[in-house]
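Take a moment with the sequence and the 3D structure below. The paragraphs that follow walk through the domains first, then a few side chains.

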Amino acid sequence: MERIDCTPRPDWQAQVESLGLVWHGANDRPYWDEGAAWRFTPAQIDTIETATAELYRLFIAAGQHVLDHDLLGDFGIPDFCHEPIRQSWDGEPAALNYGRFDLGYDGSGPPKLFEFNCDTPTSLLEASVIQWDWKEALFPDADQFNSLHERLVARWREIAPPRGTSMLHLTYVDGNMGEDAVTVAYMADTAREAGIDTQLILTTDLGWDSARHRFVDLDYRPIDALYHLYPWEWIVNEPFGREVVESLDTTLWIEPIWKMIWSNKAILPILWDLFPDHPNLLEASRQAMTGDHVIKPLLAREGANVRIVCDGATLAQSGGDYGEEGFVYQRLFPLPGEGDRRPVLGSWVVDGEPAGMGIREDGPITGNGARFVPHIIA
């Protein structure tokens, strides 16, 4: 695992924009960064892929444990969602069943899980199409851990209705530097490639038809299937949250409501309790921890409100609006690198199978300003 310097393509901005990455940086700081790349050996990629498959197995066991022991209340999940989550988990409605494991890895020891972004993960287009195009242009003889696009299209085909019989709506909230819009547009592209009719709609434009007890779009068409890049914990706490639960019998929500279990960091201490000292896990607890550790809100996103404690003092801390929901304490894994060049690996799964990897670089806390850096396999 080696960080190498690279020369950006002269027309890289136009090239990534042509592939859909219309937002690629701000304030003269690139988000998509071609100035460097990470080079892995095939054995290291095998290690990452094996760890990814293993972590998915652990999450299935942990999710079942949460339901078997009635622990949803410990996750801060509203009572009216508990039974729908159980029904969704057991019923297994059609889903992409995709997500991104954020891992710490130094190229030698086992990859360590930081968290699982499986409800509304982003950096998807970059990890699939953009870095593959970069590799083909600069390192055509190298390989890359990347089957994301093909697996997404294949999965859409598996869960798609017959063409013309139903439409897939895709929703998001405008803002977040355009990242959500880029991700949803890319997901719509993969669905259309699979033969699905699509329609993008802002979350604020979703309507509720009280007579039909259905969600509808701006043309009052019933929404039969809805891909949402809007977190479940936000959805159920909206004024229309109870209508969403009521709609589960008539609208296919992608991803399903049971993802509230896995996307909540309260799952981390449960994983540790079930699989103590597992090589791919970091010790985690809901109770204060001694020694070097990280404190994370249960529902924080993009590195918000994280605090790193070393030798009893705060080494780094980020701001944000989270924390009222409670915290988890996780053993510190020192990231390799230095300064703002510390990589976090985002290892993807689609339908529960390893599907590729993206890398973001930042300081000790990987936040909203992290850069995406491509990779190759030597």
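Helices (H or I, at least four residues) and strands (E, at least two) are DSSP runs, numbered from the N terminus. This is a predicted model: local features need pLDDT of at least 70, side-chain atom pairs count only at pLDDT 80 or more, and totals for chains, interfaces and linings use all residues. Residues are numbered from 1 along each chain as its sequence is written, and side-chain values use heavy atoms, with hydrogens and water left out.

Start with the overall division. The chain splits into domain 1 (2–264 + 336–377) and domain 2 (283–331). These bounds come from an automatic or database domain assignment. Taken over C-alpha atoms, the centres of domain 1 and domain 2 are 23 Å apart. Domain 1 brings 18 residues to the contact and domain 2 brings 14 residues. Contact here means heavy atoms within 4.5 Å.

Now look at the interface itself. About 1200 Å² is buried between domain 1 and domain 2, and carbon and sulfur atoms give 46% of that area. Buried area is the accessible area (1.4 Å probe) that two parts lose on being put together, summed over both. On the side of domain 1, E233, N264 and I365 lose the most area to domain 2. Together they account for 40% of what that side buries.

How many salt bridges are counted between domain 1 and domain 2? The count is 1. A salt bridge is a side-chain nitrogen of Lys or Arg within 4 Å of a carboxyl oxygen of Asp or Glu. The rule also finds 4 residue pairs in polar contact across this interface, both residues at pLDDT 80 or more. A polar contact is a pair of N or O atoms within 3.5 Å; within protein, one must be able to donate a hydrogen and the other to accept it, and residues adjacent in sequence count only if both atoms are side-chain atoms. On the side of domain 1 that touches domain 2, β6 (112–117) and α7 (232–235) each supply at least two residues. The largest share, 3 residues, comes from β6.

Next, find Q44. Its place is in helix α2 (residues 42–68). Is Q44 buried or exposed? Q44 counts as buried because its relative accessibility is 9%. Buried means under 20% relative accessible area, exposed over 50%, and partly exposed in between (1.4 Å probe, protein chains only). A polar atom of the Q44 side chain lies 3.0 Å from the backbone nitrogen of M1. Neighbours within four places in sequence aside, Q44 is in contact with M1, R39, Y105 and G107.

Finally, turn to the charged pairs. The structure holds 23 salt bridges. One of them joins E115 and K296, at 3.6 Å from N to O. Another joins R155 and E158, with the closest N and O atoms 2.6 Å apart. Both R155 and E158 lie in helix α5 (residues 148–159), 3 residues apart, about one turn of the helix. R155 is buried, at 15% relative accessible area, whereas E158 is exposed, at 55%.

Helix α6 (residues 179–193) holds D189 and R192, which are 3 residues apart and so separated by about one helical turn. Their side chains meet in a salt bridge of 2.5 Å, N to O. D189 is partly exposed at 39%, and R192 is partly exposed at 41%. K259 forms a salt bridge with E255, the closest N and O atoms being 2.9 Å apart. Both K259 and E255 are buried. Elsewhere, salt bridges that share partners join R3, D33, D340, E361 and R371 into one network.
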